[in-house]
Every structure is written in structure tokens, then in C-alpha cells.
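Hi everyone, thanks for making the time. I'd like to walk you through one structure today, from the overall fold down to a few side chains. Let me put it on the screen.

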Amino acid sequence: MMKIIKRASFLLLLSLFSFNLTFSQQKVDTVFVGKATSKNLRQSIDKKALVYIVVRHGEKENNGKNPHLSDAGKERAKRLAQLFKKVKIQNAFSTDFFRTRETLEPLILEKKLDLKIYNPREIPEFVKNDLSKNTGVNIISGHSNTNPILLNELIQQPLFKDIPDEKFNDIYIVNFFENDKKVKVYHLLY
């Protein structure tokens, strides 16, 4: 019995030690805000931070490998643009699929932004070569299975899991405070 307790204690200490080694580089705070409004979106974006806004594409039509947005998805894209109307966004990124590009289309037209395409199969390279060189506020449209990978790569921690296929209303706002080595992630629904 004593042997089992010692072993369990050792494993617990080892796991705590590993956790501290893995997460000691930067502190990540996550906050679930709830329903997105223009006001709480603006409050979730810190002017002193490098900001990445990660959204999933809107609802899609049910045909083919590269479907367009459905009517509901188009309405969601308009709502997204309306929510961010008073937010200054410097860069917009999307995967090269109709549904992801169309999700940002009303927003980029409103803000007169160029849409930059990234490969969802090369997320570490995208973060290192594209996102890390940007400043200000960046918005990124992706997919239920790639947005968690992107978020985890951005924060360098395995916190986010796949988004259910039928869920389209997540907005993640990632604030990086380089001087403090601190990250704050807000999760909102729209």
C-alpha cells in the first residue's frame, strides 16, 4: 500500500513539474464572455496588445467539397461585420475556401482590407511566417477542426479542442502582451 502511495505521489509531482515547465513561458488567461455585442467585443480588444480574432466560417450549403455559405451563413457574415464595425482591423486572413472567404467578405468590404489566404495544413508556418510579423488587430476565418489548432499554436499551449461541426458562432479574441509574456483569450458567441 505504501508503495502505491509513493508511486502516486511521485507521478503527481512529476505531472505538476511537467505542467510548470510547459506553461511557464507565458501565462494564459481565458475568459468566456457570452453573447457578443459591439461593446463587449471592443472591450475584449486591448489597445496595448497584439490581437488575433479567430472565427469559424458561417453555415454552409450542403453540396460538394467547397460549398458556399447558406443564407444563414450569409446572415452570420453580415452580423460579424456589424459587430466589428467600430473595431479597427489591420489584417484579414482566410483559408482558400468559398465559405471562409465569404464569412469575412462583408467585413473586408466595409473596412477596405485585402484578404490574405493561408493554408490550414500549414498552421505552424502560417503563425511563424505571417501572423508573427503583423501588428495591431488581425482577423482570421477558419474551420471547426483547424481553428483549435491555430489557437493552440498562437498561445503555444494545448487548451482548445475541435469545435462541433454544427456550431458556427464562436469568436476567440487573443490578446498578446509581449512585455509581460501574458496572453488573454476572450471567447464570445454571435
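So, the chain holds 6 helices and 7 strands; helices here are DSSP runs of H or I with at least four residues, strands are runs of E with at least two, and both are numbered from the N terminus. Before I go on, a word on the ground rules: this is a predicted model, where local features need pLDDT of at least 70 and side-chain atom pairs count only at pLDDT 80 or more, while totals for chains, interfaces and linings use all residues. Residues are numbered from 1 along each chain as its sequence is written, and side-chain values use heavy atoms, with hydrogens and water left out.

Following the sequence, you get the pattern α-β-α-β-α-β-α-β-α-β-α-β-β. The chain has 190 residues, and 46% of them count as buried, meaning under 20% relative accessible area, with exposed over 50% and partly exposed in between, using a 1.4 Å probe and protein chains only. Take the contacts between residues at least 6 apart in sequence: 66% of them join residues at least 24 apart, where contact means heavy atoms within 4.5 Å.

Now the sheet. In what order do its strands run? This open sheet of 7 strands reads β1-β7-β6-β2-β5-β3-β4, and the pairing is mixed; two strands pair if DSSP finds at least two bridges between them. At the edges stand β1 (27–35) and β4 (115–117), each with a single partner strand, so one side of each is left without a neighbour in the sheet. On average, neighbouring strands are turned by 20° against each other, direction ignored. The axes behind that are lines fitted to C-alpha atoms, for helices over the stretch in contact, and angles run from 0 to 180 degrees between N-to-C directions. At the β4 end, strand β3 (residues 91–94) pairs with β4 in the parallel sense over 3 bridges, and S94 has I117 in β4 as its bridge partner.

Next, please look at α6. This helix packs on the sheet and touches β1, β2, β5, β6 and β7, with its direction at about 165° to that of β2. Of its 9 residues, 7 are buried, so α6 is largely enclosed by the rest of the structure. Those buried residues are N147, P148, L150, L151, N152, L154 and I155. Their cover includes α5 (123–129) as well as β1, β2, β5, β6 and β7. Just after α6, Q156 takes a positive phi of about 60°.

On to the cores. A nonpolar core is a set of buried Ala, Val, Leu, Ile, Met, Phe, Trp, Tyr and Cys residues joined through side-chain atoms within 4.5 Å. The largest has 26 residues, and those touching the most other members are I53, F84, I89, I171 and I173. Two or more residues each come from β2, α3 (71–83), α4 (98–111), β5 (137–142), β6 and β7 (182–189). What does I89 touch, not counting residues up to four places away in sequence? The list is I53, F84, L107, K111, L113, V137 and I139. There is also a second, separate core of 22 residues, with I123, V127, L150 and L151 among them.

Now some rings. The whole structure has 4 aromatic pairs: rings of Phe, Tyr and Trp (its six-membered ring) pair if their centres lie within 6.5 Å, and planes under 30 degrees apart count as stacked, over 60 as edge-to-face and the rest as tilted. Y52 and F176 pair edge-to-face, 5.7 Å centre to centre with 80° between the planes. Y52 lies in strand β2 (residues 50–56) and F176 in strand β6 (residues 170–177), so the pair ties together parts that are 124 residues apart in sequence. Both Y52 and F176 are buried. F160 and Y172 are also edge-to-face, at 5.3 Å and 75°, and both are buried. Ring pairs also link F93, Y118 and F126 into a cluster.

Last stop: R76, in helix α3. R76 is buried, at 10% relative accessible area, and lies over the face of Y190, 5.2 Å from the ring centre. For such a case, NZ of Lys or CZ of Arg must be within 6 Å of the ring centre and within 35 degrees of the ring normal. Not counting residues up to four places away in sequence, R76 touches G58, E59, F168, N169 and Y190. Over at F177, the charged end of K182 sits over the ring, 5.1 Å from its centre.
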